[in-house]
Amino acid sequence: MDIIQRNFLKLLKCGAFGQQEQLEPMSAWKWKRLYQLSQMHDVTPWVYEGILTSRDDFFLQIRPELMTQWKESAIEADTVIVKDEEQKLTNPLLNHKLQQLSQKEGDSPTLELLNNIIRMARFILTQGISMRHLVELGIYLRTTKDQIDYDLLSSWIKKLRMTKITRLEGALLVHFFHFKEEEIPFTTVTVNKKTIGIANDILNTSSEQVADWYFTQGKSVFVGTNNSGAMMWHVRHSAKYMSYYPSEAITNFFANFAHSLSHIEE
């Protein structure tokens, strides 16, 4: 992890979770890169809030023009965490179980936390780990911790076969934002080399590289992609995370494949 990424995470922890840390000195170019990193991960308002909170830090030396740009971007962005629409899984059996427990439970903080976990899990399988989703999951968990039925949530996670991917989400909260294990009592958290490798990939790779994974019809009977490497990236990506949620990963891949085929030009 380089100095830009370290300061990025320090400011994000400060702005989103109120955790104050000492910044490291950086050049004007590196501060510009940090701004781009916050934009890429859709967390600009929280990073900007971290900057405002750390205004007395000796090493916080950002040019006025960049501060103006940062402020404008933070104002334009939306940090309101709204309740998700009804979550669905692509695996028919698991989705049936999910809809059953949703109807039975109704509107509750415990169900909303489950929806946050599922939303992030599905995003992981399709585009990669979203830093914004991880921040929102952490904020929701900390602001509603006393309202959650953790035993019930644990039973739901097991029923939906989400144990491994939930552990990954919990491990990333610990690794990036220094959550304590007791703050995530609905799963067993272990930060290992594999988790750290995934965390490094998040900071080094933009999820935008697969945003246009759609098919177009070529001159031959075969179907090509708008981006020649996009399909293979998606195949490798799906294989990488399949072990975390195998019951959903396979059906999710083919659902996205079918969705892409629906965009073939006639």
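Colleague: Where H6 passes H8, what is the crossing, left-handed or right-handed?

Modeller: H6 passes H8 in a right-handed crossing. A crossing is right-handed if the near helix is turned clockwise from the far one by less than a right angle, and left-handed if anticlockwise. This is a predicted model: local features need pLDDT of at least 70, side-chain atom pairs count only at pLDDT 80 or more, and totals for chains, interfaces and linings use all residues. Residues are numbered from 1 along each chain as its sequence is written, and side-chain values use heavy atoms, with hydrogens and water left out.

Colleague: What makes H6 oblique to H8?

Modeller: The angle. Helix H6 (residues 109-126) and helix H8 (residues 150-159) pack at about 40 degrees, with their axes 10 Å apart. Axes are lines fitted to C-alpha atoms, for helices over the stretch in contact, and angles run from 0 to 180 degrees between N-to-C directions. Under 35 degrees counts as roughly parallel, over 145 as roughly antiparallel, 65 to 115 as roughly perpendicular, and the rest as oblique. Therefore H6 is oblique to H8.

Colleague: Which residues in H6 and H8 meet?

Modeller: From H6, Thr-110, Leu-111, Leu-113, Leu-114 and Ile-117. From H8, Leu-153, Trp-156 and Ile-157. A contact means heavy atoms within 4.5 Å.

Colleague: Why does Asp-42 count as partly exposed?

Modeller: Its relative accessibility is 37%. Buried means under 20% relative accessible area, exposed over 50%, and partly exposed in between (1.4 Å probe, protein chains only). So Asp-42 counts as partly exposed. Asp-42 lies in the loop between helix H2 (28-40) and helix H3 (44-53). Its phi is positive, about 60 degrees, although Asp-42 is not a glycine.

Colleague: What is the phi of Arg-161, and where is Arg-161 found?

Modeller: Phi of Arg-161 is near 60 degrees, a positive value in a residue other than glycine. Arg-161 sits in the loop between H8 and helix H9 (163-177).

Colleague: How many helices and strands does the chain have?

Modeller: Twelve helices and two strands. Both are DSSP runs, numbered from the N terminus: helices are H or I of at least four residues, strands E of at least two. Of the 266 residues, 48% are buried.

Colleague: What pLDDT does the chain average?

Modeller: The average is 81, and 79% of the residues score at least 70. Over residues 205-226, the pLDDT is below 50, and this stretch has 38 contacts in the model beyond near neighbours in sequence. pLDDT is the predictor's confidence in each residue, from 0 to 100.
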